[in-house]
Amino acid sequence: MGVGKSTVGQLLAERLGVAYRDTDDDIVAAQGRSIAEIFVDEGEAAFRAIEKQAVHTALASHDGILALGGGAILDQDTRALLAGERVVYLSMDVEEAVKRTGLNTARPLLAVNPRKQWRELMEARRHLYEEIATAVVPTDGRTPEEVTQAALNALELKEA
Ligand SMILES: Nc1ncnc2c1ncn2[C@@H]1O[C@H](COP(=O)(O)OP(=O)(O)O)[C@@H](O)[C@H]1O
Ligand SMILES: O=C(O)C1=C[C@@H](OP(=O)(O)O)[C@@H](O)[C@H](O)C1
Ligand SMILES: [Mg+2]
């Protein structure tokens with residue numbers, strides 16, 4: 001969360017001349033409410049069910065760069081679908097995470113104690129990110145443009 005998937009995803013799509021899509025945006029558009037509102041109204045389990053459907057639809061229909069929400073890979077079926085794709089895991093340390101997510105309330109899972117919550121989420125998830133990634137790109141101290149270049153290099157993709 002907050003590592004730059006949406007920011008770098010857009011830059012990567014521009015550099016490659018392909019379409020960009022973000023499953024969180026798809027969810028907000030389809031639901032007509034924010035991610036935070038879905039969490040408050042229905043809870044995390046309901047959000048994960050909506051998210052799973054959104055990710056599966058996007059993977060089946062979209063050709064280009066797809067940014068996922070940070071928790072999408074918690075679902076085993078989603079991880080199985082991603083096994084056929086090139087998956088970039090953008091990493092950062094906790095201090096960078098706190099800087100990037102700040103006091104922003106758009107991410108309900110970091111709303112109470114961002115540093116502690118982010119650490120705990122990463123302890124639970126890191127092995128899943130590493131399991132599905134075909135490329136790992138550290139983002140600490142790098143601008144979004146530098147991260148984009150590093151992702152292009154890691155994926156061995158040439159620009160359009
Ligand atoms: N490499 C970077 N360096 C500094 N700030 C960044 C970087 N990448 C993204 N950001 C900022 O961090 C915040 C979270 O980025 P975002 O793309 O929404 O992350 P994600 O989609 O992974 O949650 C945004 O304010 C964005 O401008
Ligand atoms: O990691 C997570 O559980 C989440 C990440 C968010 O997306 P970003 O990773 O784009 O911030 C969003 O899907 C939701 O707040 C839950
Ligand atoms: Mg995002």
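In which helix is aspartate 24 found? I opened my notebook with that, and aspartate 24 turned out to sit in helix α2.

**Ground rules.** I am looking at a predicted model, where local features need pLDDT of at least 70, side-chain atom pairs count only at pLDDT 80 or more, and totals for chains, interfaces and linings use all residues. Residues are numbered from 1 along each chain as its sequence is written, while chains are lettered from A and ligands numbered from 1 in the order in which they are written. I take helices (H or I, at least four residues) and strands (E, at least two) as DSSP runs, numbered from the N terminus.

I looked up the UniProt record, and its unreviewed entry places a "binding site" feature at Asp24, Arg48, Gly70 and Arg125. I noted that UniProt positions are given in the numbering used here, that feature names are shortened, and that annotations may be inferred rather than shown by experiment. Aspartate 24 counts as partly exposed because 19 other C-beta atoms lie within 10 Å. For burial I use these cut-offs: buried means 20 or more other C-beta atoms within 10 Å of the residue's own, exposed means 12 or fewer, and partly exposed is in between, with C-beta atoms placed from the backbone. Not counting residues up to four places away in sequence, aspartate 24 touches Ile35 and Gly69. A contact here means that the C-beta atoms of two residues, placed from the backbone, lie within 7 Å. I then turned to arginine 48, which lies in helix α4. Arginine 48 is partly exposed, with 16 other C-beta atoms within 10 Å. With residues up to four places away in sequence left out, arginine 48 touches Leu74 and Asp75.

**How α2 meets α4.** Two packed helices are described by the angle between their axes and the distance between the axes. I found that the axes of α2 (residues 23-31) and α4 (residues 44-61) come within 9 Å and cross at roughly 115°. That makes α2 roughly perpendicular to α4. Axes are lines fitted to C-alpha atoms, for helices over the stretch in contact, and angles run from 0 to 180 degrees between N-to-C directions. Angles under 35 degrees count as roughly parallel, over 145 as roughly antiparallel, 65 to 115 as roughly perpendicular and the rest as oblique. The crossing of α2 and α4 is right-handed. By definition, a crossing is right-handed if the near helix is turned clockwise from the far one by less than a right angle, and left-handed if anticlockwise. On the α2 side I listed Thr23, Asp26, Ile27 and Gln31, and on the α4 side Ile50, Glu51, Ala54, Val55 and Ala58. This contact of α2 with α4 divides into 5 nonpolar, 2 polar and 2 charged residues. Ala, Val, Leu, Ile, Met, Phe, Trp, Tyr, Cys and Pro count as nonpolar, Asp, Glu, Lys and Arg as charged, and the others, Gly among them, as polar.

Serine 6 lies in helix α1 (residues 5-16). Serine 6 has 15 C-beta neighbours inside 10 Å and so counts as partly exposed. Beyond its neighbours within four places in sequence, serine 6 is in contact with Asp22 and Ala67.

I found arginine 107 in the loop between α6 and α7. Arginine 107 touches Met1, Gly2 and Thr101, not counting residues up to four places away in sequence. Arginine 142 is in the loop between β4 (135-138) and α8 (144-155). Arginine 142 counts as partly exposed, given 18 C-beta neighbours inside 10 Å.

**How α1 meets α8.** I looked here next. The axes of α1 and α8 come within 9 Å and cross at roughly 60°. That makes α1 oblique to α8. Thr7, Val8, Leu11, Leu12 and Arg15 in α1 meet a set in α8 that includes Pro144, Glu145 and Val147.

**Last entry: alanine 135.** Which strand holds alanine 135? I found alanine 135 in β4. The C-alpha atoms of alanine 135 and alanine 154 are separated by 6.0 Å, although the two are 19 residues apart along the chain.
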